[in-house]
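User: Could you take me through some of the terms used for this protein, and show how each one is decided?

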Amino acid sequence: MESQTKDIDRGYAWVVCVACFAISVLSGTLNSSAGVITPAILEYVDDDLVKVSWVGSTLLGTFTMCGPLAGLIQDKIGNRWAGIMSGILMLVGLTAASFCKTVTGLILTFGVIAGLGSGLAGNVSGVAPSNYFRKRLPVAYGIAMSGGAVGLLVTGPLTIQLLQMYTLSGALLILGAIVFNVSLAGALIRPSSTVQQEESMSKDLPRQEDTEETCDAQGDSTMKKQSQHVFTVENATVKFEELDENRCSPANSPGNIEENSPVKSNETAGSQPEHSSHLTTENSRSKIRPQCLTWFCSNGFFFYLLSLIFWALGDATCMVHLPNYAELKGSTPAQSANLFTVMGVPAFFSGLLTGFASSDTAIGNIILHLGLQAMSGVSLLLLPLLSHTYSLQMVFSIMYGTYSQGSFTLVGPICIELIGRSKLAIAYGVCSFCMGIGYMVGPPIASLIYNSTGVYDYTFLFSGTCFIISAFLTLCISLAKKQT
């Protein structure tokens, strides 16, 4: 028993945690670069802000909306090969994007292909810790998810340096080589011994049932053969006389003879297992269908999904439009990119502290998520007042980084709390898909607001309002849990 659980909460589990942290760093670097390269795309490819904003929104949208597909792939090939495949997809997508000269080409390569690889990597780092941790799972999630903040920390100076030295094409090519290291980190995630044991047990159960059924069938056939040899001539004569005497009795009507005949009883006995198995199959199907609905309708999970959509709407608007907004307010391209660096430092500690706070049952994951969403919304609503100088913009970056990163750490623990550990891969994929809806449409909506009004401040007021709505929907989760 000790060998079966040697990797749980200790030993190689921490190697897996570090590997997931590295995957989050590299994937976060790619996702955060969408906002930094937006001004470069406006300069080198197309100056239409609405069209160019689709490049970053497609990357972020594909990153999250491919969650169910990534979950299926991960379930088929495992965490290790899923991590390796994700690095290959990001390399192919960014390499192809370096040769594109149109916005449509960048959407297909940088947005779809690289975004699919990033989404697969994000699903690996979000699900793999649950196979190795039980008691220390919140802490492991805090470490793994804080890698996204480190990626946010290095994105600004790294991308600006690459753009200055190699322009947009060379920057995308080198960035693809950097994020390809996700494959190396994914190779470190070996299958958990506990998961392998559970899979082998699930495979052995049907074999045992088949063996028992075979033995029962062999036993029945042996009994039938023995009973055929029991009938002697004397027994046959006696039974024939008994049938001759009872032929005219009222009890032996044609209907009763059919009911008491051995052939009829054998047919009935033979049909009962088939009928009962048919009923069992129908009952299991009828139970599965309502159970799938209860995942979304009970225990407040549906409100959590709505909260994720509005959270992604607000976060995508900020991450894609913040550098361009800062440049319009007077900051240089290097200064606007460094806002992500300033944002990454408190975001890193926020992810770690949220993981430790989540392990305290007296606080609660829902309350943490509610507070983080509300404070992120407040910081975005204050951005128009904190955008006139670069120093005030840095104050905003510190505030937003402090409160925005922690919610990523809570996605896994909240899914386990609302749905259960056994359905984590499915629930995590559904959450990613819902966030993808917000990430996909958030930046274009913000661009339309700016083009129609001519005031860039309104886009961030829209972003902050989305966070406030997300916090309100999180409050509804607690109400739904109390009702159930």
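Analyst: What follows is a set of questions about terms, each answered with a value and its definition. This is a predicted model, in which local features need pLDDT of at least 70, side-chain atom pairs count only at pLDDT 80 or more, and totals for chains, interfaces and linings use all residues. Residues are numbered from 1 along each chain as its sequence is written, and side-chain values use heavy atoms, with hydrogens and water left out.

User: Why is Thr167 called partly exposed?

Analyst: Buried means under 20% relative accessible area and exposed over 50%, with partly exposed in between (1.4 Å probe, protein chains only). Thr167 has a relative accessible area of 37%, so Thr167 is partly exposed. This residue lies in helix α6, residues 147–179, where helices are DSSP runs of H or I with at least four residues, numbered from the N terminus.

User: How do you know that the buried residues of α14 line one face of the helix?

Analyst: The buried residues of α14 include Ile366, His369, Leu372 and Ser376. Seen down the axis of α14, the buried residues fall within an arc of 160°, so they line one face; the arc is that of the directions from the helix axis to the C-beta atoms.

Notes:
Helix = DSSP H or I, 4+ residues; strand = E, 2+ residues; numbered from the N terminus.
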